[in-house]
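Here are my notes on this one, written as numbered points. Keep the 3D view open and follow along.

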Amino acid sequence: MSDLLGFALSGLVSGALYALLATGLVLSYSASGVFNFAHGATAYLCALAFYELHSGFGWPAVPTALLLVCVAAPALGWGLDRLMFRKLARVGETAQIVATIGLLVALPALGLWAVELLDDAGAPVEPAENQFGLPGVGPSPAKSWQLTDGVGVDSDQLITWVATAVVAVGLWVLMRHTRLGLRMRAAVDNRELVELRGISADRLSSVAWMLSSALAGLAGVLATPLLGLSSHDFTLFLFVSATAAVLGRFLSVPLAFAGGLGLGVLQNLVAGYADFAESLTGFRTAVPFLLLFAGLLVLTRRQRVAGTAAVDAAPVDYLAGRSWGRRWGPWTVAALLLATAFYTVTTPFWSGLLAQGLALSLVFVSFTVVTGLGAMVSLAQATFVTGAALVAGLLLSHGWPFFAAALVGTCAAAVLGAVVALPALRLGGRSLALATLALAFLADQVLFQMGWLRNGDTGWEIPRPVFGPVDLSDDRAMGVAMVVLVSAAVASLGALRGSASGRAMLAVRSAPAAAMASGVSVVRTKLLLFTLSAGLAGFGGVMYASFNTRITATDFTAMTGLVWLAVVVAAGVRRAQFAVVAGVVFVVVPHLLSEYVTESAHVPVMLFGLAGVALANDPDGYCAAVSVRRWRRLGPAGPSPIPPLPETGAPPQTPYRPERPRPQTPDGLKPRRCGRGVSARPAFEDEPRSGDSGGPGGGSPLVSGRGGIGESPAQRQPALALHDIHAAHHTTPVLHGVDLTIHPGEIVVLLGPNGAGKSTLCQVAAGQLTPTQGQVTIAGRDVTSQRATDRSRAGILLAPETRAIFPTLTIDENLTLHLPDTPSREAVYTRFPALAARRTVPAASLSGGEQQLLSLAPLLQHPPDVLIADEPSLGLAPRVADEVFRLLAELRDAGTGLLLVEEKAAEVLGLADTVAYLAQGRVAWSGPREDVRVDRLTEAYLGLAAPGAGTQPHPAEEAHHP
Amino acid sequence: MSRSLRKLGAVAVAGLLLAATPACNSASNSGSSGDGKGGDSARGVSGDSVKVGGIVSMTTASGYSKKDTDLGAKARFERANAEGGVHGRKIDYLGAEDDGQDPARNLAAARKLVQRDKVFAIAPMSSVTFSGADFLQDQKVPTFGWGTIPAFCGPTYLYGFGGCMVPMPGGTITQSWPEGLKKVMGGAKGRSVAILANDNEPGTFAIRTYRQSFKAAGFKVTYAKSVVPATSVPSDWSAYTKDILRSDAGKAPDAVVSVMQTPYNIGLFTAVKRTGYKGVLTDPTDYDPGLLAKSATRKALDGVHVLLTFQPFEQQSADMRQFKQDIRKTAGKDVPRNMHMMTGYMSADLFLAVAEKAGRKLTTESFQRAAEGFSDTGTLVGDRALPKGRKEAFGCGALVRLKDAKYEVASPFTCYEPIPFR
């Protein structure tokens, strides 16, 4: 029993480092939704810097540590945020994961390279290799105390524990009891909404990354005595710590902290009591990864259907509509040239190098299946490679023929893939990536430790196959065979992509729910993808091992898989050809660099890492970067708009919100000029309207209501004016010259059918989308180029279609974001007792109506100049909707100009001063409410009005332009 | 679209197959590529020089580097050249390729040295991985390195400078560790040892080997487990020390044997010493005078007995003086010596000795003939004999003890009779 206590106690101490790393992970994840695989690498970089400055340059320990933790590390975090994380928050999850993996590779190499350069320059740096027992901030050697029999601590552990505890308390105070913390938590909940509330999410993200980076730095400095200068160990330590972050669901700092300590205790208990595992080699080593895997399965909330990254924006297809020859010609020629080259120009050395690159390409193509087609990040591909090759090697040693052995090996990998895929059916995105990583480590540490499978360190011989007259032990023959196999793989993937199954896969990737509704089995599709990819990786693995003529269990580790992923995705994972490029580049470039550029071994590593980092700018990879950029600049080529290929079948999306179906080829229906000049002549413009006889309350037939302010409109500027707005999502035009004005104290109701562009108009008005043409003014000031944050500060508020609340924040915290002062909040509570009763309840638990009230209530305290409400009554019961409309009317009376967007006209018409009707990206008609004729409205909704409106000006319009 | 793609794919494959078929035929007609194989004019050998390359892990993600291996080899080759070379041929040592402990780069380095640089032999090859082994054997490249990798056990062209140091089925186990400890502890009778290794397959294998080895020497093995997580150094060792220190019927064993790497040993020995343990601590990895530079490692390893498979630098002998002199001359200054210099030096030394025996007409055949039946005695790694060295280690070792920031010889370098490996 005293043993148990002792283990628990010392585990609590040794768990502090896990806690510290996990806390940093949680913080950076909270800030930007990016799981930072490079957190350990940042820690390593700081450890290296600490060592060089302290031991090399002889700086004193504590000031150096403070400098690194408080200045250097935050500066690194700030720089990385500016350079990549900020952009990463806007690209797909795959690119996010891979970019941080790239960083994980690049940062240590960068540090070591810097040391190398400093050494060359004559600086007093110490070599970074073979350094053990490095000093930390405390005394070196550490003082140690024996607390009880068997339990001892040393000064380094104590320092770590105290520092971690201080940090945890500090963070808890920051997150729970400061304005900055509240905003950061709000940004986690809904980044877009935070910006709409005038808070710069970018700045919050910078702060969080600086904090997270400082925490990594602290962990690095504190861990130096334990981990030395092994970037590999730092990264492994980080993955172990990730278990604690999972326990905190990536969101809760206290839980992650507790999880870290618990992990330390658990490891001690396993070390002390897991005697049952003695016969299973590797079990104790694998415990943290078992926990990580179990934690992910149990604790990950099911956010998406069957693990698809929903925000993985579809890539542009810059070759859409190009001829067969344009799409495939260059690749075919390249393959033929390569095959010919083996027997004509390449030297034996280059034949070997190219054959190796091609063999690796075969493995790399498997990423195209699971990540490119399936949008799932698998970090277990190296496991499939090792598994297949070991099985094949085992069989070959029993005298099996090569092809039978390769086939069984491939099948073994496919089975392994199916096993790994099982969690994929539950998990998605980063959780899936971590789960596959955990499984990869488990395989490395338990499965591949089995003597009968791995055959010790000797491994298995896998001779090159010989069939008929063709002997692949010649590198040239091997190279040509590889060209054939790789071409076959690429071609079959192309065919698969175009087939029914391929379309099902893409459907599952883009819209799992919709795919399910159309009868596509998401479960089966995902299983199929993983199995196929694993089989392909396995086959590639057997061929690669056969190029090496041997496989040992340590040839391809989980970490190898990580680097591979970064290399493939950096090249581009959407097309199999790019994976081939990646394979060849991965093998050839280090050689070229060392031959012609630099002898330093760190530079190629750094470059491969940085290629992953570059995904922040070109999420589709460097192979396509030039073409995509050109395509973006010039627009789609070809004489007519081509329907997108299957791979781009999902509608282009803004990073933030799902777009509704857009009008079809608007240009074809109506000439643009005509549309704007005649039919969509707006009722309200900036031009003087001396003829208007303004009256309060929307009583005038000609002009907008004034909300009882009683001022003549001619004397007052509109609060918000949109002039000739053209806007597009990516290259799909949505708005074609919209004019709209909202005056203070006026309610403008914008009607229109689904897909008319209403929400797009709201985005333009709120600054979320920059128009391609036209002007937005606030009180006469041009704000076209201002982003949402600044617009919001200028008084333009958007209540988006989804409820404008932060679901995980409590009601009180939601209100505090708008109303920092207590009296204002109390006023809200007085007015809405229902909210007061539940002020400490997370907003997510409120009903839809209550949520809408919560989002509008604080506005009553400080009415904005303009409120743009996108479908405020959506999904509300009529009684609740009435309540919401009453609040809106109250806002108008307080002088706010309102733009209400509704699909259902009947309810809001009673509220409107002015009605504008949007159809196919144009204001088809607008005028005072009194002039709205129900039959016209009906026609309009049925899609009959727009063409007619062009030839028959509405009476209101005639009256307006005499 | 899908149909045209499929058609396209089919056409592409067909085209490639067409392109490939004659190519494959021509491959089979021309036979296997012949570079470096046999013939009178051996690859890399000219009238007055022999080209030799090296493969060494210099940069790694684990922070472990063997780069001084290169210096050791260079020092030995420079002396050979200063003495007139081998039968009139100077050694043209190209320096070592860095394989970064990466299997792919190890093979690439081997290929580059053979196919581009056209070396006659590779010495040294020192890494944790040796995926170039099969290629080098196939291309008949005599390769000399540290025989801790199974590839050095068996293949005819690969030579461990201290023999094959991995106990193989039908081979033997070197007894230098338990025999050395016997000298230190005054015999094995009634002495108990606890052996600890990492929780992975190599750890399990080490436990199996050393349990047999220590038992055969007469020790009582009270604890022999591979239980320490292999991926990250435990920050708390109490669970392990408790088990170990009670293993001898509730008492502490007389010796604690660690078969782990330096970071683990530092943690383990610190924790064991903290409990007041007064017995013998020993491991096979921590003979690195560089460790003495840090107060933390100095303290953690103080009193630890370290096993060596070569003569300790502290032992006075003509060969050792020569070694130190050669290293100093090549480095241009006094550098702290380490075992990697020794592996490089002795890899080069074995190559030179065999080449010397091969005579003036140097080809792979003549070299291999010379290697068969080669033997000499009293070198820095003991008595060398081939082809015995392909199956077992030369069986010599020493124990040094770290005391007051200095290594001192605890059990001098001696060759012991090995026992059969079961």
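In which helix is the place of A:Met516?

1. Let's start there. A:Met516 sits in helix α21 (residues 512-517) of chain A; helices here are DSSP runs of H or I with at least four residues, strands are runs of E with at least two, and both are numbered from the N terminus. This Met516 of chain A is partly exposed, with 17 other C-beta atoms within 10 Å. For that label, a residue is buried with 20 or more other C-beta atoms within 10 Å of its own, exposed with 12 or fewer, and partly exposed in between, the C-beta atoms being placed from the backbone. From A:Met516 to A:Ala504, 12 residues apart along the chain, the C-alpha separation is 9.7 Å.

2. Some housekeeping. This is a predicted model, where local features need pLDDT of at least 70 and side-chain atom pairs count only at pLDDT 80 or more, while totals for chains, interfaces and linings use all residues. Residues are numbered from 1 along each chain as its sequence is written, and chains are lettered from A and ligands numbered from 1 in the order in which they are written.

3. How confident is the predictor about chain A? The average pLDDT (the predictor's confidence in each residue, from 0 to 100) is 81 for chain A, and 85% of the residues score at least 70.

4. Now chain B. You'll find 12 helices and 16 strands in chain B. Its radius of gyration, taken over C-alpha atoms, is 24 Å, close to the 22 Å that the globule rule gives for 422 residues, so chain B is as compact as a globular protein of that length. That rule is 2.2 Å times the number of residues to the power 0.38. Of those 422 residues, 60% count as buried.

5. Chain B has two domains listed, with bounds from an automatic or database assignment: domain 1 (49-167 + 318-391) and domain 2 (175-308 + 397-420). Their centres, taken over C-alpha atoms, are 29 Å apart. Where they touch, domain 1 of chain B brings 7 residues and domain 2 of chain B brings 6.

6. How do the chains meet? The contact takes 81 residues from chain B and 93 from chain A. On the chain B side, α1(B) gives the largest share, 19 residues. By class, that side has 34 nonpolar, 31 polar and 16 charged residues; Ala, Val, Leu, Ile, Met, Phe, Trp, Tyr, Cys and Pro count as nonpolar, Asp, Glu, Lys and Arg as charged, and the others, Gly among them, as polar.

7. Not counting residues up to four places away in sequence, A:Ile868 touches several residues, among them A:Cys762, A:Leu797 and A:Leu899.

Key: Two residues are in contact if their C-beta atoms, placed from the backbone, lie within 7 Å.
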